[in-house]
Amino acid sequence: MKLWDKGFSTDKKIDQFTVGNDRELDLQLAKYDVIASKAHAKMLGKIGLLTQKETQELVKELDAIASRIERGTFTIEPSFEDMHSKIEYMLTLSLGDTGKKIHTARSRNDQVLVAMHLYLKDELSEIKSMTKALFDLLLEKADTYKDVLLPGYTHLQIAMPSSFGLWFSAYAESLIDDLYFIEAAYKVADQNPLGSAAGYGSSFPIDRSFTTKEMGFETLKYNVVAAQMGRGKVEKATAFGMASIAATLSKMAMDICLYMSQNFNFIFFPDELTTGSSIMPHKKNPDVFELVRGKCNKLQAVPNQLTLVINNLPSGYHRDLQLVKEIIMPAIQDMKACLEILTFSLSKIQVNDTILEDEKYDYLFSVDTLNELVQNGMPFRDAYKKMGQEIQEGTFSPKRDISHTHEGSLGHLCLAEIKSKMNKIG
């Protein structure tokens, strides 16, 4: 069953190769194809290509299909090429000739385009919500542990005092930057491509503004060729947003793996969040965070994967574009899984509040000790040389009662300001 069937069949090898795993992926998209089909049917009724009775029958039957999708009983058998052919078959089976009219003034190209736009809008909204949940947890932990110091590093060498308040809220504020990319991707997705048909519009007097409003799009993609050229582009915009979040999560996962090591011993997790070794009974491994790191590193490659598929394609539709679904859709699920498991795990984190009692961290305070000399009148370069000499000779005595007061420092985290910045994201 193909929408393009002209009465002759293609070789089975061709069918298998061209369909690929579209049927499995389309089970996730079918809901959105129904939403778009309902809007399209109502529009066809509005412009007189369907009678009121036909429109009502189509909408009612599409609602019934939507219920099956929601219950998980909708299937796409191997005899169907994709969700579009299965849904049209079901409409025709129930409504006869009325069902056959649903494809009037549209193409499979703009069908999948609009379904993907609707799908990405929902998924981007969910990713944003999950990112905000992680953000809230990080700010909560920053406030709880704002007075617990830990070493700051440059070049993986002990550098200056930091705090768990700084560490947690650094990742929280970084997520705000990531959501700016997600917001941009949402804006790209929030344009209705339905009505572009095969990429060159239609001779039918369709009302694209009507379907735009009906499906809840902010605007429409006016130029029909531009709408078709959006295939792959909207997925890549989404991938860039996810890659930005993934970079933040990967870096944090790496910190956690280091900080859990006995060589650092900064943080702990309950036994049920760690794994063991098959031969070393003492091991408590950070497998969860290593997998977050690995998955998020893979996610950062997704924009390039999509680029390699769509790069240098001329305008118009090409079958290469089918492949973007199998890249972006699993990536979205990985992104959500990483956000979910990090939020779950970090809610149970325990911190070591005696880290800096170890004398090996005394040099953390050299800058603060130097700065006190400067505040007492010694030129900075002289104070720097004096401090370097004391460290070299082993006579350095650290000033541990540090006082950082500027915005964003460990003594003034500006958590309320960071929260306000996040709240400005819709």
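Student: Where is cysteine 414 found?
Tutor: The structure is a predicted model. Cysteine 414 has a positive phi of about 60° although it is not a glycine. As for its place, cysteine 414 is found in the loop between α15 (380-393) and α16 (415-423).

Student: Does cysteine 414 count as buried or exposed?
Tutor: A residue is buried under 20% relative accessible area. Cysteine 414 has 13% relative accessibility, so cysteine 414 counts as buried.

Student: What is the phi of alanine 105?
Tutor: Alanine 105 has its place in the loop between α5 (97-100) and α6. At 9% relative accessibility, alanine 105 counts as buried. Although alanine 105 is not a glycine, its phi is positive, at about 70°.

Student: How many disulfides does a search of the whole structure find?
Tutor: A disulfide needs two cysteine sulfur atoms within 2.5 Å. The search of the whole structure finds a total of 0.

Student: Which cysteine sulfur is nearest to that of cysteine 257, and how far away is it?
Tutor: Cysteine 257 is buried, with a relative accessible area of 12%. Cysteine 257 is in no disulfide. The nearest cysteine sulfur belongs to cysteine 296, at a distance of 12 Å.

Student: How far from cysteine 338 is the nearest cysteine sulfur?
Tutor: Cysteine 338 counts as buried, at 1% relative accessibility. Cysteine 338 is in no disulfide, and the cut-off for one is 2.5 Å. The nearest cysteine sulfur is that of cysteine 296, and its distance is 4.0 Å.

Student: Which side chain of opposite charge is nearest to lysine 141?
Tutor: Lysine 141 is found in helix α6 (residues 108-144). Lysine 141 is buried yet has no salt bridge; such a bridge requires a side-chain nitrogen within 4 Å of a carboxyl oxygen. At 4.8 Å, the nearest side chain of opposite charge is that of glutamate 140.

Student: Which residues does lysine 141 touch, not counting residues up to four places away in sequence?
Tutor: Lysine 141 is buried. With residues up to four places away in sequence not counted, lysine 141 touches Phe168, Leu346, Ser347 and Ile349.

Student: Which residues do ring pairs link into a cluster?
Tutor: A search of the whole structure finds 16 aromatic pairs. Ring pairs link the following residues into a cluster: Tyr145, Tyr153, Phe164, Trp167, Phe168, Tyr171, Tyr259, Phe264, Phe266 and Tyr361.

Student: Why is the pair of tyrosine 32 and tyrosine 119 given its class, and what is that class?
Tutor: A pair of aromatic rings is described by the distance of the centres and the angle of the planes. Planes over 60 degrees apart count as edge-to-face. The ring centres of tyrosine 32 and tyrosine 119 are 5.9 Å apart and the planes lie at 75°, so the pair is edge-to-face.

Student: How many residues apart in sequence are the parts that the pair of tyrosine 32 and tyrosine 119 ties together?
Tutor: Both tyrosine 32 and tyrosine 119 are buried. Tyrosine 32 lies in helix α2 (residues 22-46) and tyrosine 119 in helix α6, so the pair ties together parts whose separation in sequence is 87 residues.

Student: Over which ring does the charged end of lysine 121 sit?
Tutor: Lysine 86 lies over the face of phenylalanine 74, at 5.3 Å from the ring centre. The charged end of lysine 121 sits 4.7 Å from the centre of the ring of phenylalanine 217.

Student: Which residues does serine 196 touch, not counting residues up to four places away in sequence?
Tutor: Serine 196 lies in the loop between β3 (191-192) and α8 (208-214). Serine 196 counts as buried because its relative accessibility is 0%. Leaving out residues up to four places away in sequence, serine 196 touches Asp110, Leu113, Gly201, Arg208, Val224 and Ala227.

Definitions and conventions: Residues numbered from 1 in each chain as written. Predicted model: local features only at pLDDT ≥ 70, side-chain atom pairs only at ≥ 80, totals over all residues. Heavy atoms only, no water. Helix = DSSP H or I, 4+ residues; strand = E, 2+ residues; numbered from the N terminus. Buried < 20%, exposed > 50% of the residue type's maximum accessible area, 1.4 Å probe, protein only. Lys, Arg positive; Asp, Glu negative; His and termini not counted. Contact = heavy atoms within 4.5 Å. Phe/Tyr/Trp six-rings, centres within 6.5 Å; stacked < 30°, edge-to-face > 60°. Lys NZ or Arg CZ within 6 Å of the ring centre and 35° of its normal.
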